[in-house]
Amino acid sequence: MVYNRVVRLPVLLLMAFALILAVGCGSKDNKAAGEDKAVPVTAMEATKDNISAKTVITGKVAPSSEVIIVPKIGGRVAQVSVDIGSKVKKGDLLLKTDTTDLEIQLTAAINGLTNAKLTHDQAVLSHNNAKANYERMKSLFQEGAVSQQQLEQAELQYNLAKDAMSQPVAETAMNQVDGIRQQIADAAITSPIDGEVATRQIDPGEMAGSSAPVMSVVNIDTVFVEGTIAESDIALVKEGQEVIVRVDATGGSFTGKVKLLSPVANPQTKGYSVKIEIDNTDRKLKPGMFAEIELITKSREGVVVIPKEALVTRDSGKVIYVVKGGAVEQRQVETGIETDKMTEIVNGLSEGEKFVTEGQHSLADKTKVTVTNANDTDSSKNNDN
């Protein structure tokens, strides 16, 4: 009986030892399998491109010319020749007020002018006769043929005739005629510029005043975008400079030039007024539209540029993961100009190197990866490694 117990004990110990070895080997195999598992990522090659940093100034579209039409004389409107949107040339008739009363006044003034001329002609004749008589009386007085009283009477008649001839009767009458004619001309209101009618507040039969606007005419063949530049950006702008203007209402961008730049800041806004001139012959831009003026603050050409989201922030700074064979190399980089989507890489990445653009946040240095880009020609090579 003692023999059997001695034999069974070593057998049990051997079985337990074998089980421990099996468990240990299994753990090592599982760990190795976990270490060999590659992380799927998306990658791309670094390329060179141009990049610019920009600042945006908001503004509004305004016409290059805008004229508010106010009648020079009041009166009932007899004719309106245009409507909102009508194209007009300088000198085209816009509206006309009734001139019936003025025409009557003009006829009377012309008759008065005729009479004034006759009166003046008579005054000239009387003056000449009075002058001749006065000269004759002076000679007779010197000869003792007439008295002092007779001489004085002739002199008085001469002075009276001279004063009568000097009265501006005809000139006054002519001025009256000219004034009425000008009022008749002012009753016909014409466009002072080439453009189109933007507003109209009057209809035939209504009374037009000499102080209330009745229309406005604008020229939008060329437009201005008016905005305010902050003091920090004023050094970026100069007259004649080309800028890009985005107008969302049109769904597009336009090239304009800085036409006017205020030399002093507005005391209220502390900014500098700027006007950007844009050709608008296709009339896509309308006054009042919201616009954004893009000013380039920095620009670099032919530099390595990557998508901004490829960068990962670690304790050491900004890093990217460069694909090397079947693993990645954590690479600290120095960045330059940044836009909303792209970043310039100053140091740390060369043109042609492949870097991770998706899946990078779960990576560490030397992590094994599988590049899963659709139609990626290097995926099979990375998988083989």
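Colleague: How many bridges join strand E1 to E19, and which way do the two run?
Modeller: This is a predicted model, in which local features need pLDDT of at least 70, side-chain atom pairs count only at pLDDT 80 or more, and totals for chains, interfaces and linings use all residues. Residues are numbered from 1 along each chain as its sequence is written, and side-chain values use heavy atoms, with hydrogens and water left out. Strands (E, at least two residues) and helices (H or I, at least four) are DSSP runs numbered from the N terminus, and two strands pair if DSSP finds at least two bridges between them. E1 covers residues 39–45, and its link to E19 is antiparallel, with 4 bridges.

Colleague: Which residue of E19 stands opposite Glu 45?
Modeller: Strands of a sheet pair through backbone hydrogen bonds, either parallel or antiparallel. E1 and E19 run antiparallel. The residue opposite Glu 45 is Lys 354.

Colleague: How many of the 5 residues of E19 are buried?
Modeller: Buried means under 20% relative accessible area, exposed means over 50%, and partly exposed lies in between (1.4 Å probe, protein chains only). E19 is mostly covered, and its buried residues number 4.

Colleague: Which residue forms a salt bridge with Lys 324?
Modeller: A salt bridge is a side-chain nitrogen of Lys or Arg within 4 Å of a carboxyl oxygen of Asp or Glu. Here the closest N and O atoms are 3.5 Å apart, and the partner of Lys 324 is Glu 353.

Colleague: Why does this pair tie together separate parts of the sequence?
Modeller: Lys 324 belongs to strand E15 (residues 317–324), while Glu 353 is in the loop between E18 and strand E19 (354–358). Lys 324 is partly exposed at 43% relative accessibility, whereas Glu 353 is buried at 17%. The pair ties the two parts together because they are 29 residues apart in sequence.

Colleague: Is Glu 344 buried or exposed?
Modeller: Glu 344 forms a salt bridge with Arg 300, with 2.7 Å between the closest N and O atoms. The pair links strand E18 (residues 342–347), which holds Glu 344, to strand E13 (residues 290–307), which holds Arg 300, 44 residues apart. Arg 300 is partly exposed at 37%. Glu 344 has 2% relative accessibility and counts as buried.

Colleague: How many residues apart in sequence are the parts tied together by Arg 200 and Asp 83?
Modeller: These two form a salt bridge, their closest N and O atoms being 3.6 Å apart. Arg 200 lies in strand E7 (residues 195–200), and Asp 83 in the loop between strand E3 (75–80) and strand E4 (87–88). Arg 200 is partly exposed at 24%, and Asp 83 is partly exposed at 42%. The separation is 117 residues.

Colleague: How many salt bridges does the structure hold?
Modeller: Some salt bridges share partners, and these join Lys 54, Arg 246, Glu 292 and Glu 294 into one network. For the structure, the number of salt bridges is 15.

Colleague: Which residue of E8 stands opposite Arg 76?
Modeller: E3 and E8 run antiparallel and are joined by 2 bridges. The residue opposite Arg 76 is Met 207.
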